[in-house]
Amino acid sequence: MTALTADLRFALRQLLRRPGFTLLALATLGLGTGASAAMFGIVDRVLLRPLPFPASGRLVALCETNRSLEGFCVASPPNVEDWSRESRTLASVGLGRGWTFTMRDGGASEGVSSGLATPGLFRTLGITPLIGRLLTPDDLTPSGRHVAVLSAAFWQSRFGGDRQVLGRFISLDGDRYEIVGVLRPGTEIPHLGWARLWVPLPFDPRDEENRRWRGFVTIGRLADGVTVAEAESELRALQDRLALRHPETNRGWSARVEPLLDSVVGPVRPTLLVFLGAVTLLLVVACTNVANLLIARGVAREREFAVRAAVGARPLALFRLLAVESVTLALLGGVAGLFVA
């Protein structure tokens, strides 16, 4: 242990004695490790971690597909209502879409990014409120739909986190909406995470007049033991039957089911993987450059090692000395990488 401590002190003196070499090596290691750590952190958070919902592996995105809308994932409320009623592979289904309301408070008004949703959207995701309640089926009726659920961020910024906010009314597009609940902090609906408040659909989702309106995000939860392929097969069969019942609105439409995580991260996955590969290559180049610097420095110290060997230093002691120097430099480079990251 004493010899190891002496080697560590000597390694630090050697690094301080050659500041140019040390700074160059630390900058190279810091850039390589910092960029790699930062990029891996992004990939881990976006691609590798499950979505923050209970049993998120059972969540799927449900899409109506048509040749004229390749690449889009949309659905209409009446069709989704039929899926929910007739499907045996889906435990629950919900839908929503973005909306913008003008909120008036006294003489001032502001645009508020909001969302329209069915009660099944929150139930499917397993979301629970921080205070109050979420949307219920009764809220979809014409007499009971003027209620609103606030996001935690909007509740804090607009109402100061006041728990007495329940029962208060806000004006949205000239209509009065009663605040009935607040979502938990960090709760974000996939594809609609920017919504600051949620209100029920302003119409009955079973209304046939809205079967053409396919601008909705639809999320389902698979029943126990059901695979994505089985759900997609059933949904396509349901779409075929709906095409026979409603040829004017459903002819030519099929269905696609995909894991919700893939739906969320799919557009950015290739870009993130390319960047991860790039920074990994950068790390390899950085390590190679530092290794070359150490080799060049070792050649310059050939006389030093010859003298040490002549006075009785064993090969193992020389190896330990070089190993301590390299590990010390690597650790300092790692610390530099933390700041870069």
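Predicted model: local features only at pLDDT ≥ 70, side-chain atom pairs only at ≥ 80, totals over all residues.
**Exercise 1. The disulfide**

Task: Find how many disulfides the model has, which cysteines take part, and how the bond is turned.

Solution: 
- Start with the rule: two cysteine sulfur atoms within 2.5 Å make a disulfide. By this rule the count comes to 1.
- The bond joins Cys-63 to Cys-73, with an S to S distance of 1.9 Å.
- Next, look at the torsion. About the S-S bond of Cys-63 and Cys-73 it is about -85°, so the disulfide is left-handed.
- Now place the two partners: Cys-63 sits in strand β1 (residues 59-65), while Cys-73 belongs to the loop between β1 and α3 (77-86). They are 10 residues apart.
- Cys-63 counts as buried because its relative accessibility is 0%. Cys-73 has 26%, so this residue counts as partly exposed.

**Exercise 2. The two sides of helix α5**

Task: Work out which residues of helix α5 (residues 152-159) are buried, and which are exposed on the other side.

Solution: 
- Begin with a reminder: an α-helix has 3.6 residues a turn, so residues three or four places apart point the same way.
- List the buried residues of α5: Ala-152, Phe-154, Trp-155 and Phe-159.
- These residues cover an arc of only 165° around the axis, so they lie on the same side of α5.
- Turn to the other side of the helix, where Ala-153 and Ser-157 are exposed.
- Then step past the end: Gly-160 follows α5, and its phi is positive, near 65°.

**Exercise 3. A glutamate in helix α6**

Task: Decide whether Glu-232 is buried or exposed, and find which residues Glu-232 touches.

Solution: 
- Locate Glu-232 first: helix α6 (residues 228-245) holds this residue.
- Buried means under 20% relative accessible area. Glu-232 has 18%, so Glu-232 is buried.
- Leave out residues up to four places away in sequence, and the contacts of Glu-232 are Ala-255, Arg-256 and Val-257.

**Exercise 4. A nonpolar patch**

Task: Identify which residues make the nonpolar surface patch of about 240 Å², and follow Val-340 to its helix.

Solution: 
- The patch is made by Leu-31, Leu-282 and Val-340.
- Val-340 lies in helix α11, which covers residues 315-340.
- A patch residue needs over 30% relative accessible area. Val-340 has a relative accessibility of 45%, so Val-340 counts as partly exposed.

Definitions and conventions
Residues numbered from 1 in each chain as written. Heavy atoms only, no water. Patch = residues over 30% accessible without salt bridge, like charges linked within 9 Å, V, L, I, M, F, W, Y side chains within 5 Å. Areas by Shrake-Rupley, 256 points an atom, 1.4 Å probe, with all protein chains shown as cover. Salt bridge = Lys/Arg side-chain N within 4 Å of Asp/Glu carboxyl O. Helix = DSSP H or I, 4+ residues; strand = E, 2+ residues; numbered from the N terminus. Buried < 20%, exposed > 50% of the residue type's maximum accessible area, 1.4 Å probe, protein only. Arc of directions from axis to C-beta. Contact = heavy atoms within 4.5 Å.
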